[in-house]
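Subject: Structure handover

Hello,

Here is the structure for you to look at. Please open it first, then read my notes below.

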Amino acid sequence: MDGDPAVESQLDTFSLILPLPYRIAFILVLGVWAWGVNLHYLYLLKIDVSSLIKHPSRSSSSSLPHHQRTYALATTITVPFIFSVLFFWILTRGQPSAVLAWDFIPQSYLFLLFLLFLIPYKRLSPNGRFRFLTTLKRISVGGIAETQDGKFGDILLADVLTSYAKVLGDLFVSLCMFLSS
């Protein structure tokens, strides 16, 4: 996506509608929604996921259940995604030269998504995101927690990351595209 006529002819229809960064973002956003649905289903079955993954329980009965907080996070990352995609479609109208000219818009959403996971915004379950980042750091260097410290949660996240191997590879390609343009 560097404006080269040789590259323009290689853009398929799908890439004109949904460039690689948007496909990555869509899968990540969909994953957050799926985790919320999973938590909701387990909540309805009265299975305490917090105790399974050794996550601190809700501080009070008036606190939102974990699935509702996950839905709030998913909504927060979905709304800018929809606006970004619609804005991109309005600007490009499926024209290869316009898609190449405006390729920074999908990249910008990925950057925003990254920030939303890192910024400790209180309404977006900062404890859960901090726990996620801590666990991610621990398993990325080859460590797994002890059973009493949440080994099941570490294994669960490692399994998810294994499932997301292609997406993470595409994220690396997208980052290279962003840094080269």
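**Helix packing and the rest**

The crossing of α3 and α7 is left-handed. A crossing gets that name if the near helix is turned anticlockwise from the far one by less than a right angle, and it is right-handed if clockwise. On the α3 side, the contact is made by P21, Y22, I24, A25, L28, V29 and V32. On the α7 side, it is made by I105, P106, Q107, Y109, L110, L113 and F117. Contact means heavy atoms within 4.5 Å.

Some ground rules. This is a predicted model, where local features need pLDDT of at least 70, side-chain atom pairs count only at pLDDT 80 or more, and totals for chains, interfaces and linings use all residues. Residues are numbered from 1 along each chain as its sequence is written, and side-chain values use heavy atoms, with hydrogens and water left out.

**Confidence**

The average pLDDT of the protein chain is 79 (pLDDT is the predictor's confidence in each residue, from 0 to 100). A score of at least 70 is reached by 82% of the residues. Among the elements, α3 has the highest mean, at 90. Helix α1 (residues 5-8) has the lowest, at 47.

**Overall make-up**

The protein chain has 10 helices and zero strands. Both are DSSP runs, numbered from the N terminus: helices are H or I with at least four residues, strands are E with at least two. Of the 181 residues, 32% count as buried. Buried means under 20% relative accessible area, exposed means over 50%, and partly exposed lies in between (1.4 Å probe, protein chains only). Take the contacts with a separation of 6 or more: residues 24 or more positions apart account for 68% of them.

Two packed helices are described by the angle between their axes and the distance between the axes. Axes are lines fitted to C-alpha atoms, for helices over the stretch in contact, and angles run from 0 to 180 degrees between N-to-C directions. Angles under 35 degrees count as roughly parallel, over 145 as roughly antiparallel, 65 to 115 as roughly perpendicular and the rest as oblique.

- The axes of α3 and α7 cross at roughly 30 degrees and come within 8 Å. That makes α3 roughly parallel to α7.
- α3 and α5 pack at about 155 degrees, with axes 9 Å apart. So α3 is roughly antiparallel to α5. Their crossing is left-handed.
- α5 and α7 pack at about 170 degrees, with axes 10 Å apart. So α5 is roughly antiparallel to α7. Residues of α5 that meet α7 include L73, I77, F81 and F88. Their partners in α7 include I105, Y109, L113 and L116.

**The core**

Which residues touch the most other members of the largest nonpolar core? They are Y22, I77, F81 and Y109, out of 24 residues. At least two residues of this core come from each of α3 (20-44), α5 (66-92), α6 (96-101) and α7 (104-118). A nonpolar core is a set of buried Ala, Val, Leu, Ile, Met, Phe, Trp, Tyr and Cys residues joined through side-chain atoms within 4.5 Å. Leaving aside neighbours within four places in sequence, I77 is in contact with V29, V32, Y109, L113 and L116.

**Residues to click on**

- Q107 lies in helix α7. Q107 is buried, with a relative accessible area of 8%. Beyond four places in sequence, Q107 contacts P21, S174, M177 and F178.
- R23 lies in helix α3. R23 is partly exposed, at 23% relative accessibility. R23 touches F14, S15 and L18, not counting residues up to four places away in sequence. R23 and V167 are 144 residues apart in sequence, yet 8.8 Å apart in space, C-alpha to C-alpha.
- K46 sits in the loop between α3 and α4 (49-52). K46 is exposed, at 75% relative accessibility. K46 has a positive phi of about 65 degrees, although it is not a glycine.

Best wishes
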